[in-house]
Amino acid sequence: MRFKPSTRPLQDCNIVSKETAVLQHFFLIVNRKSQIVSGNFTTQHSTLITYNSLTHSLMFNILTIDIEDYFQVHALSSVIKYEDWDKFECRIERNTDRILEILDSVRSPQKVQGTFFVLGWIAERYPDLVRRIQKGGHEIACHGYAHKLIYNQSKEEFREDVKKAKATLEDITGNEVIGYRAPSYSITEKSQWAFEVLVGEGFKYDSSIFPIRHDFYGMSNAPRFPFIISLNGNNNFEFSVLNFEEQQHRTTSAPNNLLTHSLINSNSLIEFPISTVRILGQNIPISGGGYFRLLPYPLIKKGLKRINEVEQKPFIFYMHPWEIDPEQPRINGLSSRSKFRHYVNLNKTENKFKRLLGDFQFSTVRDLIENCSTA
Ligand SMILES: [Zn+2]
């Protein structure tokens, strides 16, 4: 699948941000844009779907937390092997509990809920932690089992990894897990076959695409905002960008929940790419992880506000529990780049995170999907 950058001017993307305190209704229009997909040419059409917002007045964004420990991240994998994970002090419980506490303490105007992409390896060892997250009203989604980069696995290895992780999480929570995020955003141009595996394993959405240039992840020409990936067989894909529009465009047709709509029965996934700001023709990452730790908060706030207010889209934010843990054991033998990426500003992140929660509205991916209806 080749993504073409959208040629649609920003001011055409009408949406949201209505200053009313009641339940709002507004629309998402799905435009299917023509594109070359593995030599085939898809047709243009659009589908109208409505979105019912939460009860608050501002646009809500999506908060995601990747539940893995400090010794499991890819930046450290040159010195820490999977086989040795059990030898390290696990700090995932205390750090995740701290995040839950922070989320619990924020009321803006209601409790903040997020989507937690949990690693199967962690869930197996800390099932009570998964239950505590679930009990807090958050969504449990899947981060695979062993945190192996997708493009370093065969299709079958990948299938086994997600199958095992999904089953583990579903056994613990008693709920169907519908969302997936790849370790280190490793769905790239060379591992797009992963979409077919995810659809086959029953996932309804994915949040693995980072539309930037990076040394080990990224699809810089992918759409910057949520879109639908449709699988047409023989590894052919189409994508449809989701665009929000206002209530006055509403039709009289009865809405159907998007989850119960064609996505459930068709070969489709909704993709939630990590948010970026567009500066001088480049996608600049600001919405989580090391970028969030590195950049000054006022700059991040300005960029995220721009996404909400100018581009009129929700943004997708991500964080890891180890990023609020400056006391974590230091790992020797890392390259200076990996050291910088992992340890920069760990002592400032919790405070920044609290400011972010105070400045923006957040909810789960599932909330957004469940509030989308076909018109
Ligand atoms: Zn991860």
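How many bridges join strand S10 to strand S13, and in which direction do the two strands run? Four bridges join S10 to S13 (residues 268–271), and the two run antiparallel; strands count as paired if DSSP finds at least two bridges between them. Within this pair, Ser230 stands opposite Ser268 of S13. S10 spans residues 227–231, and four of its five residues are buried. Here a residue is buried if 20 or more other C-beta atoms lie within 10 Å of its own, exposed if 12 or fewer, and partly exposed in between, with C-beta atoms placed from the backbone. Strands (E, at least two residues) and helices (H or I, at least four) are DSSP runs numbered from the N terminus.

The model is predicted: local features need pLDDT of at least 70, side-chain atom pairs count only at pLDDT 80 or more, and totals for chains, interfaces and linings use all residues. Residues are numbered from 1 along each chain as its sequence is written. The pLDDT, the predictor's confidence in each residue on a scale from 0 to 100, has a mean of 80 over the chain, and 76% of the residues reach 70 or more. Over residues 53–57 the pLDDT is below 50, and this stretch has 14 contacts in the model beyond near neighbours in sequence. Residues 245–255 also have pLDDT below 50, with 23 such contacts. Two residues are in contact if their C-beta atoms, placed from the backbone, lie within 7 Å. Where pLDDT is low, the predicted coordinates should not be read in detail.

Helix H3 (residues 127–135) has Leu129, Val130 and Ile133 as its buried residues. Viewed down the axis of H3, these fall within an arc of 100 degrees, so they line one face of the helix; the arc is that of the directions from the helix axis to the C-beta atoms. The face turned away from the buried side carries the exposed residues Asp128 and Lys135. The buried residues of H3 pack against several elements, including helix H1 (92–105), strand S7 (139–142) and helix H4 (155–173). Just after H3, Gly137 takes a positive phi of about 90 degrees.

The largest nonpolar core has 81 residues, of which Val118, Cys142 and Leu169 touch the most other members. Such a core is a set of buried Ala, Val, Leu, Ile, Met, Phe, Trp, Tyr and Cys residues joined through C-beta atoms within 7 Å. Not counting residues up to four places away in sequence, Leu169 touches Val118, Ala123, Val130, Ile140, Cys142 and Val177. Ala167 lies in helix H4 and counts as partly exposed because it has 15 C-beta neighbours inside 10 Å.
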